[in-house]
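Here are a few notes from my pass through this one, in the order I'd look at things. Have the viewer open while you read.

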Amino acid sequence: MKKSLYFLFVLSILISTSCKSKKESNPIEEKSKIQSELIQSYLSAVSIYKMGVINVPIMTAFVDNAQKFATAYPEESIAPEYLFKAGILSMTLARTAQNKEDIAKYAQKALDIFNNIQKVYPDYEGVRNCIFYRGTTYDDILHDYKSAEIEFRDYIHKYPQDSISSILKDYLVNGIGKSPDEIAADILKKKK
């Protein structure tokens, strides 16, 4: 009798801890929670951005949630799309940052995201845009014209028939490293 009571006691403890651990680590619930946070942060970031407001905490929350989701569930078809949006938002944060450290931090995050998309999702339809936006980040934000040229030449090499390639070819010859005013002045000189 004493042994059967002891056995029932141990069995009840095992069952109760087993049930708790299943509730705590339910992968479907965890995935739903992360995906819900991702979507909520995206909707918040986009709605605020459409109003013309740059809210750094809300926008960085989306970027972080997109990276978290893609890291946890790389096989999900929406992962590269949300990562791409996070990369664009990181570029926006870099463009509007008030100091050099934040500009560099957000620009690097954008570059890392675009690199990750190309590496993990090479068949994603937006890969060509990742190459272009890396070049744009180097060119417009970081003013690293050598790296921008490498990215733009990579784009031209991979997508020679794309209409952007012909624009990039001309830009590499006549515009890289120049301000918009300098480019406009050069165009006016050529027309005369």
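1. Before the first helix pair, a word on the geometry: axes here are lines fitted to C-alpha atoms, for helices over the stretch in contact, and the angles run from 0 to 180 degrees between N-to-C directions. Keep in mind, too, that this is a predicted model.

2. With that in hand, take H3 (residues 56-72) and H4 (residues 79-96): their axes come within 9 Å and cross at roughly 150 degrees. As for handedness, the crossing in which H3 passes H4 is left-handed.

3. Who makes that contact? On the H3 side you'll find Val56, Met59, Thr60, Phe62, Val63, Ala66, Gln67, Phe69 and Ala70. H4 answers with Ala79, Tyr82, Leu83, Lys85, Ala86, Leu89, Ser90 and Leu93. Sorted by type, the residues of this contact come out as 13 nonpolar, 3 polar and 1 charged.

4. Zooming out for a moment, the protein chain has 9 helices and 0 strands, so the pattern along the sequence reads α-α-α-α-α-α-α-α-α. Of the 192 residues, 32% are buried. Among contacts with a separation of 6 or more, 53% involve residues 24 or more positions apart.

5. Now the aromatics: the structure holds 12 aromatic pairs. One of them is Phe84 with Phe114, a tilted pair at 5.8 Å centre to centre, with 55 degrees between the planes. Phe84 sits in H4 and Phe114 in H5 (residues 100-120), so this pair ties together parts that are 30 residues apart in sequence.

6. Next, have a look at Phe132 and Tyr155. Their ring centres are 6.3 Å apart and their planes stand at 65 degrees, so the pair is edge-to-face. This one also links distant parts of the chain, with Phe132 in H6 (residues 127-142) and Tyr155 in H7 (residues 145-158), 23 residues apart. Phe132 counts as partly exposed at 22% relative accessibility, because the cut-off for buried is under 20%. Tyr155, at 1%, is buried.

7. Finally, both pairs belong to one aromatic cluster, formed by Phe84, Phe114, Phe132, Tyr133, Phe152, Tyr155, Tyr159 and Tyr171.

Notes: Residues are numbered from 1 along each chain as its sequence is written. This is a predicted model: local features need pLDDT of at least 70, side-chain atom pairs count only at pLDDT 80 or more; totals for chains, interfaces and linings use all residues. Side-chain values use heavy atoms; hydrogens and water are left out. Helices (H or I, at least four residues) and strands (E, at least two) are DSSP runs, numbered from the N terminus. A crossing is left-handed if the near helix is turned anticlockwise from the far one by less than a right angle, and right-handed if clockwise. Contact means heavy atoms within 4.5 Å. Ala, Val, Leu, Ile, Met, Phe, Trp, Tyr, Cys and Pro count as nonpolar, Asp, Glu, Lys and Arg as charged, and the others, Gly among them, as polar. Rings of Phe, Tyr and Trp (its six-membered ring) pair if their centres lie within 6.5 Å; planes under 30 degrees apart count as stacked, over 60 as edge-to-face and the rest as tilted. Buried means under 20% relative accessible area, exposed over 50%, partly exposed in between (1.4 Å probe, protein chains only).
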